[in-house]
Amino acid sequence: MSFLENYESANDTIIRFRKEHPTGRVVTSIQESGLDKGWVLVKAEIFREYEDTVPSAVDFAYGNVATYPQNMKKWFVEDTVTSCIARAIKLLSPSATRPSREDMARVEYEATPSKADDNLWATLTVTTSEAATGAEAVGNLLTLVKEDAAPQRNPFCTHGEMRLNKSKLGAAKAWSGFFCPAKDRDAQCTPIWL
C-alpha cells in the first residue's frame, strides 16, 4: 500500500469540479516565462458559472524544468498548468487532502538499506542563473498576487456587469476590453476598449 493511495489526482480533481459545477469554466494563462531558461509562471482562474465575470478561485504555479526528472522534462509546462488548475479548484472546492497525488509522487522517496546514504537531491542541478531567474519570478508572482488581491469591479452597462475579454496569447494585435453581457448582439452596448 502506497502513501499516495488516499490522494486525489489532478484529473480526478478536474472531473469532480465538472460534476459540482457543470457550467463552470477554467481559464489559464502564462503570466511570464523564460522557456529558453526552462521556467514558466502560470495562472489559473476558476469560475463556478460560465457567466461569472470574477473568478471564484485563483492560483499560480511556477514550473522549472531543472526540478523535473529526465523523463518528464519535455512536459514541464503542461504539468505546471495541470497542477495549477487542480490547486485552484481545491481552493474553491477542497478535497479531503490539499496536495494532489502528482505533488506527493514528486516527494515520495523510500530509503532502503542500500540507498540509506543516497542524496535525494543529487540528480537535481539548479544553476546560479536558474536560481536568480526563480527568485525574479517569485518576486513578480508576489506583485501579481497583490494586484489580483485588490478588489476589482468591472464596469456596468444597462444590461449588467460587463465582461473583460482579451485577445488570445500570441495574437498579432493584442486587444482587451469590457463587453456587454446581453446575449442579443444587436442589443449589446458599445465595448469599453483598454
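The discussion below takes up confidence, helix packing and sheets.

Mentor: This is a predicted model, in which local features need pLDDT of at least 70 and side-chain atom pairs count only at pLDDT 80 or more, while totals for chains, interfaces and linings use all residues. Residues are numbered from 1 along each chain as its sequence is written, and side-chain values use heavy atoms, with hydrogens and water left out.

Trainee: How do you know where confidence is lowest and where it is highest in the chain?

Mentor: One reads pLDDT, the predictor's confidence in each residue, from 0 to 100. The chain averages 76, and 65% of the residues score at least 70. The lowest mean, 56, belongs to helix α4 (residues 128-149), and the highest, 93, to strand β2 (residues 39-47). Helices (H or I, at least four residues) and strands (E, at least two) are DSSP runs, numbered from the N terminus.

Trainee: Why are α1 and α2 called oblique to each other?

Mentor: The axes of helix α1 (residues 10-20) and helix α2 (residues 76-92) cross at roughly 50 degrees and come within 9 Å. Axes are lines fitted to C-alpha atoms, for helices over the stretch in contact, and angles run from 0 to 180 degrees between N-to-C directions. Angles under 35 degrees count as roughly parallel, over 145 as roughly antiparallel, 65 to 115 as roughly perpendicular and the rest as oblique. The pair α1 and α2 is therefore oblique.

Trainee: Which residues of α1 and α2 meet?

Mentor: Among them are Ile 14 and Phe 17 in α1, and Ile 85 and Ile 89 in α2; contact means heavy atoms within 4.5 Å.

Trainee: What makes β1 and β3 edge strands?

Mentor: β1, β2 and β3 form an open sheet in the order β1-β2-β3, with antiparallel pairing. β1 (25-34) and β3 (57-64) each have a single partner strand, so one side of each is left without a neighbour in the sheet.

Trainee: How do you know that β2 and β3 pair?

Mentor: Two strands pair if DSSP finds at least two bridges between them. Eight bridges join β2 to β3, which run antiparallel; Leu 41 has Tyr 62 in β3 as its bridge partner.
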